[in-house]
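Reader: I would like to learn how to read a model like this one, feature by feature, with the cut-offs stated as we go.

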Amino acid sequence: MRLHYFFSFLSMMSFDGVYEKTLVLIKPDGVQRGLVGDVLHRFERKGLKVIGLKMMRLDEAVLREHYAHIAEKPFFPGVSQFMQSSPVVAICLEGLECVNAVRLLCGITKSREADAGTIRGDLAMSVACNVVHASDSVETAKKEVPRFFHPDDLHSYDKSEFLNVYVDDERK
Ligand code: ADP
């Protein structure tokens with residue numbers, strides 16, 4: 001009986017969220033420390049769909065564009081050097097309102113003050129070496145995904161798990 005009320009309640013709920021794509025980079029410290037699997041696992045366990053995944057090297061030009069908002073900061077040369085020190089792993093994730101959800105999973109920039117349970121909070125101590133980059137808004141994600149992924153590198157597919165991750169109204 002209780003279950004019946006639960007499902008009636010769910011059917012009365014209406015969801016107005018939208019499906020989004022977001023970009024994550026596992027930074028050189030994450031690659032060097034063997035954290036690629038752990039980080040990817042966290043996104044998968046959350047219920048996000050991986051639609052793009054590749055290892056790549058970043059050059060100065062793409063970093064200037066990607067980090068335009070910090071390009072004039074005194075620490076930018078160090079960030080650029082660090083980001084070129086080894087390959088990174090670029091991930092495109094898809095899910096309901098996932099830009100914000102992924103930022104919450106990553107935690108704040110200064111890792112040693114990031115909440116426990118987040119990637120930075122659990123796996124890092126540094127401001128610069130903070131394991132991951134994640135798009136900070138829907139507008140940013142719309143620019144960042146195509147910066148790192150050609151449309152042919154993004155895969156559209158049904159994920160059977162979504163039947164259990166979302167209720168009907170939340171699934172597109
Ligand atoms: P976030 O990656 O959390 O969105 P920002 O966009 O502000 O943070 O900064 C981009 C990246 O630049 C950070 O992830 C970090 O690697 C580096 N960074 C930011 N602030 C500093 C700092 N004060 N000193 C060194 N590196 C920094």
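Reader: Which exposed residues does the face of α8 turned away from its buried side carry?

Author: Before the answer, please note that this is a predicted model, in which local features need pLDDT of at least 70, side-chain atom pairs count only at pLDDT 80 or more, and totals for chains, interfaces and linings use all residues. Residues are numbered from 1 along each chain as its sequence is written. A residue is buried if 20 or more other C-beta atoms lie within 10 Å of its own, exposed if 12 or fewer, and partly exposed in between, with C-beta atoms placed from the backbone; helices (H or I, at least four residues) and strands (E, at least two) are DSSP runs, numbered from the N terminus. On that basis, Glu139 and Arg147 are the exposed residues on the face of α8 turned away from its buried side.

Reader: Which residues of helix α8 are buried, and what do they pack against?

Author: In helix α8, residues 138–148, the buried ones are Ala141, Glu144, Val145 and Phe148. They cover an arc of only 105° around the axis (taken from the directions from the helix axis to the C-beta atoms), and therefore lie on the same side of α8. These buried residues pack against β1, β3 and α6 (98–106), where contact requires C-beta atoms, placed from the backbone, within 7 Å.

Reader: In what order do the strands form the sheet?

Author: Strands of a sheet pair through backbone hydrogen bonds, either parallel or antiparallel. Here 4 strands form an open sheet in the order β2-β3-β1-β4, with antiparallel pairing; two strands pair if DSSP finds at least two bridges between them. Because β2 (49–56) and β4 (132–134) stand at the edges, each with a single partner strand, one side of each has no neighbour in the sheet.

Reader: Which residues are around the ligand?

Author: Counting a residue as near if its C-beta atom, placed from the backbone, lies within 6 Å of the molecule, the residues around the ligand are Ile70, Phe75, Val79, Thr109, Val127, Ala128, Asn130, His133 and Asp136.

Methods:
Contact = placed C-beta atoms within 7 Å.
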